[in-house]
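Student: Could we go through this structure together? I would like to begin with the side chains.

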Protein chains: 2
Amino acid sequence: MYSQAEENYLKGIYALEEKSRQNISTNTLAERMRTKASSVTDMLKKLSLKELVTYKKYQGVKLTDLGKKVALKVVRKHRLWEYFLVKNLNYSWHEVHEIAEQLEHIKSETLTDKLETFLKHPKFDPHGDPIPDKDGKIMLIKTVNLLKLKVGQKGVLDSLKDSSDVFLKYLNKKNLALRDRIKVIDIEPFDNSIHIETKTHQLVISKKVAANLNIKL
Amino acid sequence: MYSQAEENYLKGIYALEEKSRQNISTNTLAERMRTKASSVTDMLKKLSLKELVTYKKYQGVKLTDLGKKVALKVVRKHRLWEYFLVKNLNYSWHEVHEIAEQLEHIKSETLTDKLETFLKHPKFDPHGDPIPDKDGKIMLIKTVNLLKLKVGQKGVLDSLKDSSDVFLKYLNKKNLALRDRIKVIDIEPFDNSIHIETKTHQLVISKKVAANLNIKL
DNA sequence: ATATATTTTTAGACTTATCTAAAATAATAG
DNA sequence: CTATTATTTTAGATAAGTCTAAAAATATAT
Ligand SMILES: [Mn+2]
Ligand SMILES: [Mn+2]
Ligand SMILES: [Mn+2]
Ligand SMILES: [Mn+2]
């Protein structure tokens, strides 16, 4: 069907579209794919020919309906495998991304749905991201950036903006986990650092950290 | 580490060495890999450079210790994944080979052992083939071809010589499964077809079928 | 509006894995 | 032992995906 490289590009474009809803520029995509702009141009031509993206020279790129469908399938597989790795194989949430990055490309008509059944239809992956269903429908949870909370406000840590290894390890170290109830104790005007409290402890986090925490009120 | 193609070739050579213990010829390997002899020659040069095989022009090929170690790792992964697919995802034994053929190439230092732990250290895959351990040690079960049994002799169906899709489906249809106790009722001298009996039923199998059934006495 | 800087595309090269056709070597048969 | 056949290797092409360097297009600044 589609090559591993094609699937990765589609997923990359999808992720960027989620943030910006404008056409994605060649350079932006190149950075995300950790490749060169010239390689991106080549690939966009190929994806365009296969009707997976809308692409006109110098105009950036956008997924077609077909492209989005394929991207969501890959995202679904990625997140189901991540769930499996954490839940059944006892991996920690910061170890699974790289492996899921490979598993998401396994070709089979039946595997994904069988895996989902085995996992009992999880709705979210280990990083709090929603798992698209069989038809590509994806749940949107309304969350707000921790930065937006005022002193005294409470909420639940729902998901992360950045699920990179270093950030996940930081959260591990600070004993912060998804579903933790968080209360804002104080906000330091000087550097916007935030003093927060969970059920078990208190700590101060930087503005940068707070920006990566999505809170459900 | 090693590419998917390289791993597949190593596995192919390993499988052929199990049968013949002589150097494997280019054509034999080409047929097994469903590719052309010229492609095989190219790959053998590459594998030789990486010290995975011993190869001299026109002399055929043989795995080095390193090559065998790599091959056994791939076999281990293949069979563990097959076990997972049948045991946990509810696949039938004839459906899993193609998927495991892909899963066996997932790169991770930890995945295989974690999977094995999750599966509770199975010793055999769904086709009765032994699963190599962490160190590449592989269990050898002494079996005998069903063709070798005399009338009246009994044994247990242990594994298969040919685990191809068509053959597995044939066994499904005839209600023959691994671990079935089998007794030879009669052997027809004309075409060497064999009349056998299991706990639940009787049937006649051809010489060709019998040749693919490994029996533990 | 024109010069400069930035972004994007093109041109050409490289790697991996494959193929076909031709050449070289080895095996076999008379 | 030589001629024929079969096997194996080489030569040259192709496709996917990547890269660097140069050219082209677009954006920005004076
Ligand atoms: Mn991937
Ligand atoms: Mn995730
Ligand atoms: Mn394989
Ligand atoms: Mn098997």
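Student: Which ring does the charged end of Lys114(A) sit over?

Tutor: The charged end of Lys114(A) sits over the ring of Tyr91(B), 4.5 Å from its centre. A charge counts as over a ring if NZ of Lys or CZ of Arg is within 6 Å of the ring centre and within 35 degrees of the ring normal. Likewise, the charged end of Lys114(B) sits over the ring of Tyr91(A), 4.5 Å from its centre.

Student: What should I know about the model and the numbering?

Tutor: This is a predicted model, in which local features need pLDDT of at least 70 and side-chain atom pairs count only at pLDDT 80 or more, while totals for chains, interfaces and linings use all residues. Residues are numbered from 1 along each chain as its sequence is written, chains are lettered from A and ligands numbered from 1 in the order in which they are written, and side-chain values use heavy atoms, with hydrogens and water left out.

Student: Now the aromatic pairs: how many are there over all chains?

Tutor: There are 11, a pair being rings of Phe, Tyr and Trp (its six-membered ring) with centres within 6.5 Å; planes under 30 degrees apart are stacked, over 60 edge-to-face and the rest tilted. The rings of Phe84(A) and Phe84(B) have centres 5.1 Å apart and planes at 50°, so this pair is tilted. The pair crosses between chains, from helix 4 (residues 65-87) of chain A to helix 4 of chain B. Helices here are DSSP runs of H or I with at least four residues, and strands are runs of E with at least two, numbered from the N terminus.

Student: And why is the pair of Trp81(B) and Phe84(B) edge-to-face?

Tutor: Their planes lie at 80°, with ring centres 5.6 Å apart, so the pair is edge-to-face. Trp81(B) and Phe84(B) are three residues apart in helix 4 of chain B, and therefore separated by about one helical turn.

Student: Is Phe84(B) buried or exposed?

Tutor: Phe84(B) is buried, at 0% relative accessible area, and Trp81(B) is buried at 2%. Buried means under 20% relative accessible area, exposed over 50% and partly exposed in between, with a 1.4 Å probe and protein chains only.

Student: Switching to salt bridges, what is the total over all chains?

Tutor: The count comes to 20, where a salt bridge is a side-chain nitrogen of Lys or Arg within 4 Å of a carboxyl oxygen of Asp or Glu. One of them joins Asp113(A) and Lys134(A) at 2.5 Å, N to O. Asp113(A) lies in helix 6 (residues 111-118) of chain A and Lys134(A) in the loop between helix 6 and strand 3 of chain A, 21 residues apart. Asp113(A) is partly exposed at 23%, whereas Lys134(A) is exposed at 56%.

Student: Which residues are linked with those two in a network?

Tutor: Arg76(A) and Glu116(A) are linked with Asp113(A) and Lys134(A) in a network of salt bridges.

Student: Finally, what is the strand order in the sheet of chain A?

Tutor: The order is 3-8-4-5-6-7 in an open sheet of six strands with antiparallel pairing; strands pair if DSSP finds at least two bridges between them. The edge strands are strand 3 (144-145) and strand 7 (202-205) of chain A, each pairing on one side only. Strand 4 (residues 154-160) and strand 8 (residues 213-216) of chain A pair over four bridges, with Val156(A) opposite Lys216(A).
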